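Me: Could you walk me through how to read helix packing and burial in a model? I would like the general idea each time, and then the case at hand.

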Amino acid sequence: MHIVDGALSDSVVIGGAVLAVAGIAYGLRRMDLDRIPQTGILSATFFIASLIHVPVGPSSLHLILNGLIGLALGWTAFPALFIALLLQAIFFGYGGLIVLGVNTLNIALPAVMVWLLFRHKLQTCPPKQAAIWGGAAGATAIALTAVMVAISLALSGDAFMPAAKLVFFSHIPVLVVEALITAATVLLLKRVKPDFFDQAQG
């Protein structure tokens with residue numbers, strides 16, 4: 001859901017950048033040094049998963065996996081997703097450097113929100129039940145991201161309202177796919193490493 005440079009008003013770009021910097025700073029403070037390799041792997045997972053994308057108005061349609069990343073990393077999702085988005089903007093021109101803060105906020109904040117909502121459920125239930133909660137977390141993260149992208153566009157002017165609606169409704173299929181992927185991944189991780197989701201940093 002990369003928003004491209006030039007699609008947002010200055011106030012939205014600045015506000016998004018300030019909030020993203022705050023989230024990144026807090027995420028770095030909460031990062032466990034022993035989990036840096038895992039953070040890097042999940043950052044690379046997002047980088048690769050979102051390389052295949054379809055342009056949709058001033059945004060794009062692609063896998064994000066921010067629900068899974070949020071469940072695994074907590075607040076550390078902010079720096080992890082920021083690095084991936086920065087590299088995509090530099091090497092492939094996805095999104096852009098000017099809107100990097102807004103794109104980071106729109107993807108990382110829902111990741112943190114689903115971690116806050118679902119972390120205790122994943123920690124205290126058996127694998128199959130955890131998979132259901134994981135699927136719900138994956139779907140919720142995409143829905144929240146779509147809403148935030150739509151709001152970012154809507155706040156930039158009435159001219160972007162049709163694009164905002166298009167971005168939101170076009171991500172319904174992605175929501176379903178991400179729910180299935182996240183559920184399957186949570187099921188596997190709960191079976192092979194039951195304490196995996198107990199280590200996310202809050």
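Reply: Here is a short tour of some helices, their packing and a few single residues. This is a predicted model, in which local features need pLDDT of at least 70, side-chain atom pairs count only at pLDDT 80 or more, and totals for chains, interfaces and linings use all residues. Residues are numbered from 1 along each chain as its sequence is written, and side-chain values use heavy atoms, with hydrogens and water left out.

Me: How are two packed helices described, and at what angle do α4 and α5 cross?

Reply: Two packed helices are described by the angle between their axes and the distance between the axes. Axes here are lines fitted to C-alpha atoms, for helices over the stretch in contact, with angles from 0 to 180 degrees between N-to-C directions. Helices themselves are DSSP runs (H or I, at least four residues), as are strands (E, at least two), numbered from the N terminus. For helix α4 (residues 77-92) and α5, the axes come within 9 Å and cross at roughly 140 degrees. The crossing of α4 past α5 is right-handed; a crossing is left-handed if the near helix is turned anticlockwise from the far one by less than a right angle, and right-handed if clockwise.

Me: Which residues of α4 meet α5?

Reply: Contact means heavy atoms within 4.5 Å. On the α4 side they are Ala77, Phe78, Leu81, Phe82, Leu85 and Leu86, and their partners in α5 include Leu100, Thr104 and Ala108. By class, this contact has 13 nonpolar, two polar and no charged residues. In that count Ala, Val, Leu, Ile, Met, Phe, Trp, Tyr, Cys and Pro are nonpolar, Asp, Glu, Lys and Arg are charged, and the others, Gly among them, are polar.

Me: Is Thr104 buried or exposed?

Reply: Buried means under 20% relative accessible area, exposed over 50%, and partly exposed in between (1.4 Å probe, protein chains only). Thr104 sits in helix α5 (residues 100-124), and it is buried because its relative accessible area is 0%. Beyond its neighbours within four places in sequence, Thr104 touches Ala20, Ile24, Phe78, Phe82, Leu85 and Leu109.

Me: How does α5 lie relative to α6?

Reply: The axes of α5 and α6 come within 8 Å and cross at roughly 150 degrees, which means that α5 is roughly antiparallel to α6. This crossing, too, is right-handed. Among the α5 residues that meet α6 are Val102, Asn106, Pro110 and Phe118, and the α6 side includes Trp133, Leu144, Met148 and Ser152. By class, the contact has 17 nonpolar, five polar and one charged residues.

Me: What joins the side chains of Ser152 and Asn106?

Reply: A polar contact is a pair of N or O atoms within 3.5 Å; within protein, one must be able to donate a hydrogen and the other to accept it, and residues adjacent in sequence count only if both atoms are side-chain atoms. The side chains of Ser152 and Asn106 make such a contact at 3.3 Å. Ser152 belongs to helix α6 and counts as buried because its relative accessibility is 7%. Leaving aside neighbours within four places in sequence, its contacts are Ile3, Leu8, Val12, Val102 and Asn106.

Me: How many residues of α3 are buried?

Reply: Helix α3 (residues 66-73) is mostly covered, with eight of its eight residues buried. Those buried residues pack against α2 (36-49), α4, α5, α6 (127-154) and α8 (172-192). Just after α3, Gly74 has a positive phi of about 65 degrees. Leu65, in the loop between β2 (59-61) and α3, has phi near 65 degrees, a positive value in a residue other than glycine.

How values were computed: Angles under 35 degrees count as roughly parallel, over 145 as roughly antiparallel, 65 to 115 as roughly perpendicular and the rest as oblique.
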